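Keep the structure in view as you read.

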Amino acid sequence: MGREKEKEKPSEEALNLLRSRLSDPNFIFRPLSDSPDSNYSKLKFIISTSVTEACNNSILLLGPRGSGKVAVLELVLSDLLLQYPEAISVIRLNGLLHSDDNCALKEIARQLCMEHQLLFSKVASFDDNSLFVIAMLRECGLAHKTIIFVLDEFDFFAQGKQRLLYSLLDAMQSVNSQAVVIGVSCRLDVDQLLEKRVRSRFSHRKLLFLSPSKEETERLMEHILSLPVDSSIPHNYAAEFNGRLKKIFSDERFKELINTYLSYNFTIGHLVRFLFQAVSYMDLDVRFLSHENFKTALSSNQRQPKLECIRDCSILELYMLVCMKRLEVKEQNSYNFYSVMTEYKSIHDSSQTSDNYAANVCLRAFEHLLQRQLISFIDNKGHNQSVEFRPVKLLISSAELHQGLKSYHQCPAILLRLMDR
């Protein structure tokens with residue numbers, strides 16, 4: 001019994017280590033920071049320049065959720081705080097909590113007071129807090145201290161009158177400050193939401209966080225899942241674990257499995273969740289990761305609900321989904337019912353299909369797609385407008401739509417050809 005318990009111990013240690021790694025963004029994103037062309041290096045250079053050369057900067061970090069925007073930013077900030085512990089002050093806001101200008105400015109004042117051990121007034125007005133922030137920017141500038149404003153969910157700050165953004169950026173230009181404004185958003189067009197007076201004060205620096213390449217994905221998986229051979233885990237076990245892992249990675253079945261997964265899930269965040277599930281399925285008695293662990297994780301990760309919705313659609317609804325996807329391919333990012341109908345008529349006229357429906361029938365199909373949550377309105381504006389005039393967006397990926405069409409019984413061949421183009 002004692003030997004069996006001893007035999008299980010390395011696999012338990014390995015499982016705990018892998019889970020802790022997968023829960024640590026700093027560990028996950030560290031390998032992607034080595035290159036001078038990485039977003040880590042570019043962001044660190046911009047912020048450190050503000051610290052060392054006493055200048056102001058502003059930058060947008062853009063990319064889908066799970067692409068590593070916040071993780072890389074936190075990695076940069078933690079490194080710079082170690083490098084310049086007395087020269088940096090970080091103020092953090094989130095658009096989901098602080099999109100109201102008065103609330104946001106009050107939160108900035110509160111954090112500045114905490115940072116500098118000052119008394120914070122809960123009843124101060126917007127103007128009082130604005131004057132206080134300007135004064136603090138000036139004082140910190142004289143003391144060669146850089147204030148970094150991190151505005152997560154930046155698009156929410158870009159709504160309304162944008163008084164907060166204007167006040168911050170204007171103060172950075174009019175006082176002797178050292179400050180950096182970092183906006184983080186999932187909207188790639190967020191800079192177009194800025195008012196002219198704000199845009200003129202905002203530098204047009206952007207860092208795009210894209211999906212990892214195949215090579216980066218392979219590096220990440222090896223970095224995360226390989227065991228250290230110089231730790232408390234027995235050397236022989238770690239070496240055998242890593243050897244078996246390499247065999248799994250080189251297996252064609254595994255490569256196909258990963259390609260299938262990444263065709264639906266494009267971000268590092270998705271990959272990390274997938275690996276966490278695979279690791280959690282590791283059998284402690286078997287003691288090593290297996291191809292079956294990854295296969296089970298894939299089956300539980302695939303987004304079946306959307307595919308089921310597609311299979312339950314009518315032929316007309318499929319046409320409308322394909323039309324929307326074609327509009328996106330044509331880089332028409334904003335479209336409504338009438339735009340979709342124009343594309344639908346174009347397909348019918350060029351292909352001479354028999355699937356020609358009246359506009360009122362098409363509108364009912366359009367509304368049905370909204371109810372099924374395969375499409376949604378782009379924003380909450382225009383409540384008084386008719387449904388057909390309001391811009392919408394697709395809530396399914398191209399790969400999901402393509403697989404849904406292929407698994408659809410009696411799907412018109414024209415739709416599969418249109419998706420293959």
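Start at L60, which stands opposite K206 in β5. The model is a predicted one. L60 belongs to strand β1, residues 57–62. β1 and β5 pair in the parallel sense, over 3 bridges. Another of the residue pairs here is L62 with L208, its bridge partner in β5.

Now turn to the other neighbour of β1. Strand β4 runs parallel to β1, and 6 bridges join the two. S58 has V181 of β4 as its bridge partner.

How many residues of β1 are buried? The count is 6 of 6, so the strand is largely enclosed by the rest of the structure. The burial holds on both faces. N57, I59 and L61 are buried on one side. S58, L60 and L62 are buried on the other.

Step back to the sheet. It is open and has 5 strands, in the order β2-β3-β4-β1-β5. The pairing is parallel. As a general point, strands of a sheet pair through backbone hydrogen bonds, either parallel or antiparallel. The edges are β2 (88–94) and β5 (206–208), each of which pairs on one side only. From one strand to the next, the twist averages 15°.

β2 runs parallel to β3, and 7 bridges join them. I91 has F149 as its bridge partner in β3.

α3, residues 39–53, lies across β1, β2, β3 (146–152), β4 (179–185) and β5. It runs at about 160° to β1.

The loop between α3 and β1 holds A54. Phi of A54 is positive, about 55°, although the residue is not a glycine. Most residues other than glycine have a negative phi. Is A54 buried or partly exposed? Its relative accessibility is 40%, so A54 counts as partly exposed.

Q162 sits in the loop between α8 (154–157) and α9 (163–174). Here the relative accessible area is 2%, so Q162 is buried.

Much of this region carries a record. An unreviewed UniProt entry annotates residues 59–205 as "domain: ATPase AAA-type core". The end C-alpha atoms of that span lie 5 Å apart.

In soluble globular proteins, nonpolar side chains tend to be buried together.

How is the chain divided into domains? Domain 1 takes residues 10–17 and 213–302. Domain 2 takes 35–208, and domain 3 takes 307–420. The centres of domain 1 and domain 2, taken over C-alpha atoms, are separated by 38 Å.

For a point within the bounds of domain 3, go to S339. S339 lies in helix α18, residues 337–351. Its relative accessible area is 18%, under the 20% limit, so S339 counts as buried. Beyond four places in sequence, S339 touches L327 and Q332.

Finally, take the chain as a whole. There are 21 helices and 7 strands. Along its principal axes, the C-alpha trace spans about 75 × 70 × 35 Å. Of the 421 residues, 47% count as buried. Among contacts with a separation of 6 or more, 71% come from residues 24 or more positions apart.

Technical notes:
Residues are numbered from 1 along each chain as its sequence is written. This is a predicted model: local features need pLDDT of at least 70, side-chain atom pairs count only at pLDDT 80 or more; totals for chains, interfaces and linings use all residues. Side-chain values use heavy atoms; hydrogens and water are left out. Domain bounds come from an automatic or database domain assignment. Helices (H or I, at least four residues) and strands (E, at least two) are DSSP runs, numbered from the N terminus. Buried means under 20% relative accessible area, exposed over 50%, partly exposed in between (1.4 Å probe, protein chains only). Contact means heavy atoms within 4.5 Å. Two strands pair if DSSP finds at least two bridges between them. Axes are lines fitted to C-alpha atoms, for helices over the stretch in contact, and angles run from 0 to 180 degrees between N-to-C directions. UniProt positions are given in the numbering used here, feature names are shortened, and annotations may be inferred rather than shown by experiment.
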